[in-house]
Amino acid sequence: MQGLTQHDVRSTFDNGLPSQNTIDTAIIVGAGLAGLAAAYELAKQGTRVTVLEAGARPGGRIWTYRHPFADGLRTEAGGMTVTAQCHYAMHYLREMQLETEPSDLVDTDFSYLRNGVRIRPDQLGDHAETLGLQPHERHLTVADLNAHYVTKFNENIGPELTAPTWTPTPDLLALDQISVRRTLEDRGASAAAISLIEPLFLEMRGGELESASTMAWARYESGHRAFSTADAGWYKVKGGADLLARALADKVKDRVLYRKPVVRITQTEQEAQVTFLDRDRLQTLTADRVVVTAPFSSVRRINLSMASLSAAKHATIRRLRYSSVLRIFLQMRKKFWPEERLMLSTDTPIGTVRDGTPRLPGPRKILECWLTGWPAQAAADMSEEERINFALTELEPIMPGARANFELGTSIAWDNEPYIAGAYILPELGHHELMAHTRTPEGRIHFAGEHTAFEPNGGSMNYALESSIRVLLELSSR
């Protein structure tokens, strides 16, 4: 089925997937949500499917950290949130009999730390000189700044920006050539105002606003995933996001092979072959179709010289950029900060500091330092011990008592994960030129994952699951 649209995929999914009677065997590269969902649906149809996962666990960038914490504490190192509008994610949560509860990112005691001063979003005027706001901005709250420089302008772009399915118009494509920072500056925002509303742009924080596409940003900020409008419709998976990955993996557990990194993919008109490492040996499997769900940052490690991919596909695999995110988790003996649900956007290298366990019982808490962009890249070069000491050194002046209450810590640098190499796609200028090429099938090789979504933004469990359904429709039509 060539030329599938977002509407086609949703409509077919809701009305029942077609019978899979043309594909006897399939190999799936990657056991993230996209790979697991595709394997699950193919197995139900009777296809002999094998999932090759380079790591030792299912989920990919869904990773709930439970170790080394005490008292049953846990926190999310990767994907955290689903919304009521995440149709595919909600479907599989129901099918796997999992529950949701309110997200930790909503209803927080959000505030800023600027030049050593804590500032509430509704009290900017009291700190206008410290912040460096322009005279016309000094009477505004952060919500006002966002409404003035983001919402009002985006509402005037056109109805296509909020349409249920994504169809970029000429006006939107023009915005794909303009950076978010330039757009905000053209709208009259001062550097101080941009620094205050930037923490609300969650999907753009893994890079610099100078390189982020206004087209992708405007779509994100106009939809249900915008952090600036997050409400009670934002949820997390009760018990941990990894429960969804583990539940899907359990459905196909005899078909998933762990610690089997793929090193080469080839194809002919008759079959596709995947070569992978099995400890100290190279093994090759043959199948009718291959579905590559690993992020392109990881696919760059795979030899594709005999995969018969188009020049456009090769170029897209090389060019697609992923956000740099590093998260440091510190187990504290007790909550020594006054906020009930701490979330503090700082102007220090440790970025956002938040209570990663605001709703879990008990005296102990996990304090998270959430770094993005160049600070994340810098801290990625540190050892585990150095990162923890770095975080505590930066925290102590901000939150006295951090060292005294610290018990243990851990961290994750997504750039350093060898078979992932980045947190989620970062749509840079000209992103639309890459979008269609990310998901276009190439002979017997198909592509899924959040980076192949119809939408211009990644970082979504829902988009990963949607991509697996799209691939199933491609397979059923060939």
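**Rings around W63**

Okay, let's start with R57: its charged end sits over the ring of W63, 3.7 Å from the ring centre. By "over" I mean NZ of Lys or CZ of Arg within 6 Å of the ring centre and within 35 degrees of the ring normal.

Quick housekeeping. This is a predicted model, where local features need pLDDT of at least 70 and side-chain atom pairs count only at pLDDT 80 or more, while totals for chains, interfaces and linings use all residues. Numbering runs from 1 along each chain as its sequence is written, and side-chain values use heavy atoms, with hydrogens and water left out.

Back to aromatics. Rings of Phe, Tyr and Trp (its six-membered ring) pair if their centres lie within 6.5 Å; planes under 30 degrees apart are stacked, over 60 edge-to-face, and the rest tilted. That gives 10 aromatic pairs. In one of them, W63 and W414 have ring centres 6.1 Å apart and planes at 70 degrees, so we call it edge-to-face. The two are 351 residues apart: W63 is in the loop between strand 2 (48-52) and strand 3 (64-65), W414 in the loop between strand 19 (406-413) and helix 16 (432-439). Those are DSSP runs numbered from the N terminus, helices being H or I with at least four residues and strands E with at least two.

So which of these is buried? W414, at 3% relative accessibility; W63, at 22%, is partly exposed. Buried is under 20% relative accessible area, exposed over 50%, partly exposed in between (1.4 Å probe, protein chains only).

Elsewhere, F13, Y40, Y88 and Y92 form a cluster through ring pairs, and K313 has its charged end over the ring of F447, 3.9 Å from the centre.
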